[in-house]
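Welcome! Have the viewer ready and follow along.

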Amino acid sequence: MPITAPVRGRAGRELAYALLMPLMAGLGLLYLLVVLLGVIATANIVGVPFLALCVVGARGLGAANRGLARALAGEQVAAPAPFRSRPGPLNRLAAALGDVVGWRAVIHGLVRLPAAVLAFAVAAGLWGYGLLLLSCPLWWRTAALPAIAPTTWPDALLLSAAGVALLLLAPWGVRLALVPERWLARTLLGPAPGAARIRTLEQTRALAVDDAAAALRRIERDLHDGTAARLVALAMRLGMAQEELAEADRPERLERARGLVDGAHREAKETLAELRVLTRGIHPPALDKGLEIALETLAARSPIPVALEADLPERPSPAVESIAFFCTAELLANVAKHSGARRAAVELRTRAGLLALLVRDDGKGGAMMDAGSGLRGLADRVRMVDGRLGIRSPAGGPTVVTVELPLHI
Amino acid sequence: MRIVIAEDAVVLRDGLRLLLASRGHEVVAAVGDGEALRACVDEHRPDIAVVDVRMPPSHTDEGLRAAIQVRRDHPDLGVLVFSQYIETRYAAQLLAGGARGVGYLLKERVADVRDFLAALDRIAAGETVLDPEVVTQLMGASRRGDALGALTAREREVLALMAEGRSNSAIAEALFLSYGSVEKHVTQIFTKLGLPPSDGDHRRVLAVLHYLQA
């Protein structure tokens, strides 16, 4: 049958799925009865753990239905998060009784019954009648089915042709009849609504916590290795000068003291310069005056020329400004370090409640978001506030990085 | 004295070298990590090693571990561990291998040049020098409360100065006491901490260790 050839494999699997419906629906019905028993049993306190077991056990039924839908109906339903218990027997019980995924599987067992009946009836009817009519010339004379049995050869051949038509239609009919089944599997057997969002929030919260810890560690390291070490050296020089000055009546000691104070003075100025760089890295003071002004300073300090175009009618939240600033700083540092670009451009706009940042360079391209790369770190940072980071960087360039952040969080 | 320095911050390394050289000491080597410290102690056999706790590559307790190891390999070597933080655990680890000729000081103590150099001399002479901060932390630790509870306020002061490695006469001077009454306090401390009579100096170290060991 050339018309059905492209869908033959799929039609076969869908037919199998529809024909398995009585079995699956029957199992579901049986399980429903068990759950009902559990509900009734809660009249007695010992019934409560039994019901809890039933609810969590329904996850197994859901998983079986999900697997079948994937294997035969080609319906990709994401598995819900595994059951998460809480410490303590009472908490465990409460968690099991309130297991949304389990209850949804139970509900699926109930409401899928009409859908299953429909799928089975259509599949069995179309394929069954089709085959019956197709084979009409073989059996019409025995007249086993008087109601539809034809009386003449031409009639029999006509019915046979009708059978062919029915069989051609059957795959499409079955597919249509499976629509409610699929919809129910998708809606009730996947992750509960909000679960995906909660998962994202949990992930980004972990990122935010790690990021904050890493930032503190970096600041501590900078202060320890830089500023504190310099101050110790400075104090040491002054201490030595003090010793020399204790016997200042001897000219060579006075001279040594002067040399030490000179060194200490230089040390103090270098410490101040280092501290300035360090504090600007923690929070650039220009950011208090607004993102545009901070970015102007940043662009001016860049070793390659940066054209800045900023149009911000509305001021974003401070956290968003900070993320946008450090993204730009890191992206421009990447441009200077890796791209070999001669010039770069930064564009900043607001669009439908979003802050859109674009950093472009005319370098050699090939930037990638590998695990552990600076760009991956940036993307993670942006994700913390539900933002997005996109890279277009073909080999040979140019590289365009776009960052979208909500204006307010 | 012949001294090696292990310190990764260049400003401090150079500053220490200048300081020690100006006081007639010979800085035979100045290195930036624990591995190099072990190598140069093996090579130069110095009298004292001045070692920073936090050094590359791990930037955690590299220097401390190197210091413990060089002391094991060279029991006569004096070691001054210095650091920007005082961790009592580090002090305990350092002293676990014997307290003779060991010091643990905050880096900022180097600002008081005379005290710092005196500490080096004491370490070279086999004494133990602990930063006052170590003692403060130990005294403040609540888990030691019961043991310390037996000591009077005055005895604690004496113990604190003992932990810094001071002699009885130095303690007497610092607390404006007579030499005799310091001796009496020290004996009281030994008795209350249950330290057996033995060589006096050794008992002083034990009294301090008593608080360092959990």
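## Where the chains meet

Please keep in mind that this is a predicted model. The contact draws 19 residues from chain B and 18 residues from chain A. Putting the two chains together buries about 1,700 Å², and carbon and sulfur atoms give 60% of that area. On the chain B side, the residues that lose the most area to chain A are B:Val11, B:Arg54 and B:Gln84, which together make up 30% of what that side buries.

Which helices of chain B each supply at least two residues of the side that touches chain A? They are helix 1 (10-22) and helix 5 (113-124). Helix 1 of chain B provides the largest share of that side, with seven residues. By type, the residues of the chain B side split into ten nonpolar, four polar and five charged.

## A leucine at the contact

Is B:Leu19 buried or exposed? Its relative accessible area is 0%, so B:Leu19 counts as buried.

Setting aside neighbours within four places in sequence, B:Leu19 is in contact with residues of chain A, namely A:Met236 and A:Met240, and with B:Val110, B:Val113 and B:Phe116 of chain B.

## Salt bridges across the contact

Side chains of opposite charge can pair when their charged atoms come close. How many salt bridges are there between chain B and chain A? The count is four. One salt bridge joins B:Arg54 to A:Glu220, with the closest N and O atoms 3.1 Å apart. B:Arg54 is also among the three chain B residues that lose the most area to chain A.

B:Arg54 lies in the loop between strand 3 (48-52) and helix 3 (62-73) of chain B, and A:Glu220 is in helix 8 of chain A. B:Arg54 has 15% relative accessibility, so this arginine counts as buried. A:Glu220, at 26% relative accessibility, counts as partly exposed.

Over all chains, a search of the whole structure finds 41 salt bridges. One of them links A:Arg84 and A:Glu202, whose closest N and O atoms are 3.8 Å apart. Because A:Arg84 lies in the loop between helix 2 (47-71) and helix 3 (89-97) of chain A and A:Glu202 in helix 8 (residues 195-245) of chain A, the pair ties together parts that are 118 residues apart in sequence. A:Arg84 counts as exposed at 61% relative accessibility, and A:Glu202 as partly exposed at 30%.

A further salt bridge is formed by A:Arg253 and A:Glu247, with the closest N and O atoms 3.0 Å apart. A:Arg253 counts as buried at 13% relative accessibility, whereas A:Glu247 is partly exposed, with a relative accessible area of 33%. Both residues belong to a network of salt bridges that links A:Glu243, A:Glu244, A:Glu247, A:Arg250, A:Glu252, A:Arg253, A:Arg256, B:Arg23 and B:Arg114.

## Domains of chain A and one more arginine

The domain assignment of chain A lists domain 1 (5-189), domain 2 (195-282) and domain 3 (285-406). How many Å separate the C-alpha centres of domain 1 and domain 2 of chain A? They lie 70 Å apart.

To finish, select A:Arg59, found in helix 2 of chain A. With 17% relative accessibility, A:Arg59 counts as buried. A polar atom of its side chain lies 3.2 Å from the backbone oxygen of A:Ala81. Not counting residues up to four places away in sequence, A:Arg59 touches A:Ala81, A:Pro82, A:Phe83, A:Asp99, A:Val101 and A:Gly102.

Terms used:
Residues numbered from 1 in each chain as written. Chains lettered and ligands numbered in written order. Predicted model: local features only at pLDDT ≥ 70, side-chain atom pairs only at ≥ 80, totals over all residues. Heavy atoms only, no water. Contact = heavy atoms within 4.5 Å. Buried area = accessible area lost by both parts, 1.4 Å probe. Salt bridge = Lys/Arg side-chain N within 4 Å of Asp/Glu carboxyl O. Helix = DSSP H or I, 4+ residues; strand = E, 2+ residues; numbered from the N terminus. Nonpolar A, V, L, I, M, F, W, Y, C, P; charged D, E, K, R; others polar. Domains from an automatic or database assignment. Buried < 20%, exposed > 50% of the residue type's maximum accessible area, 1.4 Å probe, protein only. Polar contact = N/O pair within 3.5 Å; in protein donor to acceptor, adjacent residues only side chain to side chain.
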